[in-house]
Amino acid sequence: MKHPPGSGMVKRARTLRRDMTDAEALVWRRLRASQLGVKFRRQMWLGGFVADFASVEAKLVIEVDGGQHDLDREKDARRAAAMAALGYRTLRFWNHEVLQNIDGVLQVISAAIPSPSHPAAPGGPLPLPRMGEGR
């Protein structure tokens with residue numbers, strides 16, 4: 001979805017890119033420059049929502065969530081459904097998962113990136129774990 005320069009959505013995405021959380025910054029350092037074999041973009045508009053990180057090539061969205069998302073699961077489900085309708089699979093991680101186990105998070109992301117021998121899985125989102133639960 002394209003938005004005109006200067007629109008509120010474009011400004012919001014710029015602000016989110018500039019003001020990443022510590023967990024988002026850590027993930028971005030490991031995703032940028034195609035380190036996992038595909039290009040990721042940060043704070044990308046997709047299906048009327050902003051994806052924390054998205055790979056067009058892999059049809060994969062990575063969301064890094066704080067505790068506020070535990071309170072608004074319906075909105076997160078709508079977001080994931082909108083992205084799934086565009087063919088994207090959504091992976092969600094809690095901030096503390098990223099900060100405490102970045103290597104495990106990257107293993108899950110790497111496993112979700114399709115390879116020539118393993119095409120992309122259906123676009124369904126993975127459920128958001130409950131607070132305190134890891135993957």
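Reader: How do you know that strand S1 and strand S2 are paired?

Author: In this predicted model, strand S1 (residues 41-46) and strand S2 (residues 49-55) are joined over 5 bridges, in the antiparallel sense. Two strands count as paired from at least two bridges, so S1 and S2, with their 5 bridges, qualify. You can pick out one such place yourself: Arg42 stands opposite Phe53 in S2.

Reader: And which residue takes a positive phi in the hairpin of S1 and S2?

Author: That is Gly47, with a phi near 60°. This hairpin has 2 residues between the strands.

Reader: What makes S2 and S3 a pair as well?

Author: Again, count the bridges: S2 and S3 have 3 and pair in the antiparallel sense. At least two are needed for a pair, so 3 bridges are enough. Ser55 has Leu60 in S3 as its bridge partner. In the hairpin of S2 and S3, 4 residues sit between the strands, and Lys59 takes a positive phi near 55°.

Reader: Do S3 and S4 run parallel or antiparallel, and how many bridges join them?

Author: S3 and S4 run parallel, joined by 6 bridges.

Reader: Why is S3 called largely enclosed?

Author: Check its residues one by one. In S3, 6 of the 6 residues are buried, so the rest of the structure largely encloses this strand. Leu60, Ile62 and Val64 point one way, while Val61, Glu63 and Asp65 point the other way, and all are buried.

Reader: Let's take one of them. Why is Val64 counted as buried?

Author: The cut-off for buried is under 20% relative accessible area. Val64, a residue of strand S3, has 5% relative accessibility, so Val64 counts as buried.

Reader: What does Val64 touch, leaving out residues up to four places away in sequence?

Author: Val64 touches Ala23, Glu24, Val27, Asp52, Phe53, Phe93, Asn95 and Val98. Take Phe53 from that list: Val64 and Phe53 are 11 residues apart along the chain, and their C-alpha atoms are separated by 8.7 Å. Val98 has its own set of contacts beyond its sequence neighbours, namely Ala23, Leu26, Val27, Val64, Phe93 and Val105.

Reader: Which residues have the most contacts inside the largest nonpolar core?

Author: They are Leu31, Phe40, Phe53, Leu60, Ile62, Val98 and Ile109, in a core of 21 residues. Helix H2 (22-31), strand S3 (60-65), strand S4 (89-94) and helix H5 (102-112) each give two or more residues to this core. There is also a second, separate core of 7 residues, with Leu46, Ala51, Val61 and Met83 among them.

Reader: What covers the buried residues of H5?

Author: The cover includes H2, S3, S4 and helix H4 (95-100). The buried residues in H5 are Ile102, Gly104, Val105, Leu106, Ile109 and Ala112.

Reader: Why is Arg79 said to have no salt bridge?

Author: A salt bridge needs a side-chain nitrogen of Lys or Arg within 4 Å of a carboxyl oxygen of Asp or Glu. For Arg79, the nearest side chain of opposite charge is Asp76, at 4.1 Å. The limit is 4 Å, so this pair does not count as a salt bridge. Arg79 lies in helix H3 (residues 73-85) and is buried. Its contacts beyond four places in sequence are Phe49, Val50, Glu63 and Arg92.

Reader: How many helices and strands does the protein have, and in what pattern?

Author: There are 5 helices and 4 strands, and the pattern along the sequence is α-α-β-β-β-α-β-α-α. Of the 135 residues, 41% count as buried.

Note on methods. Residues numbered from 1 in each chain as written. Predicted model: local features only at pLDDT ≥ 70, side-chain atom pairs only at ≥ 80, totals over all residues. Heavy atoms only, no water. Core = buried A, V, L, I, M, F, W, Y, C linked by side-chain atoms within 4.5 Å. Buried < 20%, exposed > 50% of the residue type's maximum accessible area, 1.4 Å probe, protein only. Contact = heavy atoms within 4.5 Å. Lys, Arg positive; Asp, Glu negative; His and termini not counted.
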